[in-house]
Amino acid sequence: GRKWTEVKALNEDLKDQVALIRGRVQAIRAVGKKMAFVVLRERGFTVQCILTVTPDVVSAQMVKFATSLSRESIVDIEGVITVPATTIKGATQQVEVQVKKIYCVNKAIPALPINIDDAARSEEEIENALKAGEQLVRVNQDTRLNFRVLDIRTPANQGIFRIQCQVENIFRQFLLSEGFVGIHTPKLIAGSSEGGSAVFKLDYKGQPACLAQSPQLHKQMAICGDFGRVFEIGPVFRAEDSFTHRHLCEFTGLDVEMEIKEHYSEVMDVVDRLFVTMFDSLNDTCQKELEAINEQYRFKPLKYLRKTLRLTFEEGIQMLREVGVEIDPLGDLNTESERKLGQLVLEKYDTEFYILHRYPLAVRPFYTMPCYDNPLYSNSFDVFIRGEEIISGAQRVHVPEYLLERAQACGIDVKTISTYIDSFRYGAPPHGGFGVGLERVVMLFCALNNIRKSSLFPRDPQRIAP
Ligand code: 4AD
């Protein structure tokens, strides 16, 4: 095979060398009949390629052929790397390719439903372009999602999904290094695992069943099975009614479950170390991706502390009360009060990442352990980035009789979870864990305004295609 160079690797060190590259046609500009510029893009990186009619190398037909290429067509180019005297606008790479050979590998249809250039512009650029009288079509979210394979070619989107991959990677690496075992639990189950009605029901060979709302029950059963510490990365299904910026009907759950020796803070310690490691690593290893996202969706880097702030629910309520927001002390926080508390925490503690724990028992799922000192509260927590929830977790009830009682009290159809409850009759250690929404982490780390931006092919109450 021939030696290929990635567009992102093209730099001044390669000056005067011949490189062979493949990319998509991002833009073409003809200068008379003897010269043409082709901007080639590969994985979000772009380079300007120049065709100049030269005897025995580049013919006038070649230039004509190049200018006839449709945008987004896949093209191979062989050429000499040169370094121009001035900076190149409209390309990420600061070198040029003097084209000697050009092949079209596969062409795209001429009329694309999305123009990648337009789709990649920031709100600010769009405003300026419109003011300058440019003809420009704002690409709305539905159009982007309808033609997602085009939309995900923008540099920002390329960055978002590489960051998503890295979040998942660090989650796995970190937990493996702390003695956790990766497991997979069934997604076809007999009943709801989180309570509530948000389940997708289906027929399982004549038996009623549903898509798992979380790995909750089976990850706890893995602890009963003596794995000690487990994690899972897998799909989670929620038949959400609410059409919001942060709810999907299918998302990727990053789940953890572990034995607790003395106190549920051991679980929060894992959250703390895991996420500080994750944020550090994203900032270190994903600089290019973060820059690309920032070009289109301006955001400030996440503020987080070396040791994650922990507030109790009561302290949180108190902070809200001080600014005049009244919350039922045994109720839950709504989206708005969560946001507000996020702001107050930022002002007071200078962090956008924190843990709120000891929630009222009444607002937590049936399997949650009440506080030993006050059963109106529970050994549970939520974790927030920029005032929005990314994690919920807790210590679980491990005494079968009490678990049954709690399930009944919460109106759970206990027939559907009898094997789960029985698992605790054969010796079960105190344990706890948490669930993280992958798309939420990426959305909020990058301060994106909609979870559909961090889901490759989102499933929401109105969308099941593409
Ligand atoms: O808060 P949730 O429902 O908690 C559980 O599933 C528990 N079993 C976790 C545990 O171990 N105790 O979901 C956990 C996380 C949320 O914090 C949120 O980040 C995400 O999953 N999430 C969603 N993400 C996208 N769309 C939805 N509809 C989501 N619902 C929850």
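These legends describe close-up views of a predicted model. Residue numbers start from 1 along each chain, following its sequence as written. Local features require pLDDT of at least 70 and side-chain atom pairs pLDDT 80 or more, while totals for chains, interfaces and linings take in all residues.

**View 1**
Domain 1 covers 7–106, domain 2 covers 116–145 and domain 3 covers 155–454. These bounds come from an automatic or database domain assignment. The centres of domain 1 and domain 3, taken over C-alpha atoms, lie 48 Å apart. Of the 466 residues, 39% are buried (20 or more other C-beta atoms within 10 Å of the residue's own, with C-beta atoms placed from the backbone).

Five strands form a closed barrel in the order 1-2-3-5-4, with mixed pairing. Two strands pair if DSSP finds at least two bridges between them. On average, neighbouring strands of this sheet are turned by 50° against each other, direction ignored. Helix 1 (residues 60–68) packs on the sheet and touches strand 1, strand 2, strand 3 (45–52) and strand 5 (96–106). Contact here means C-beta atoms, placed from the backbone, within 7 Å. The direction of helix 1 makes about 45° with that of strand 2; axes are lines fitted to C-alpha atoms, for helices over the stretch in contact, and angles run from 0 to 180 degrees between N-to-C directions.

**View 1. Strand 1 against strand 2.**
Seven bridges link strand 1 (residues 18–31) and strand 2 (residues 35–42) in the antiparallel sense. A27 faces V39 in strand 2.

**View 2. Strands 14, 15 and 16.**
Strand 14 (residues 380–385) runs antiparallel to strand 15, joined by six bridges. F381 has G393 of strand 15 as its bridge partner. G393 also stands opposite F434 in strand 16. Strand 15 and strand 16 are antiparallel too, over five bridges. Two residues lie between the strands in the hairpin of strand 14 and strand 15, where R386 takes a positive phi near 45°.

**View 3. The shell around the ligand.**
Of 24 residues around the ligand, S214, H247, S392, G435 and G437 come nearest. A residue is near if its C-beta atom, placed from the backbone, lies within 6 Å. Strand 11 (250–259), strand 15 (388–395), strand 16 (431–437) and helix 14 (438–445) each give two or more residues. Strand 15 supplies the largest share, six residues.

Conventions: Helix = DSSP H or I, 4+ residues; strand = E, 2+ residues; numbered from the N terminus. Buried ≥ 20, exposed ≤ 12 C-beta atoms within 10 Å, placed from the backbone. Contact = placed C-beta atoms within 7 Å.
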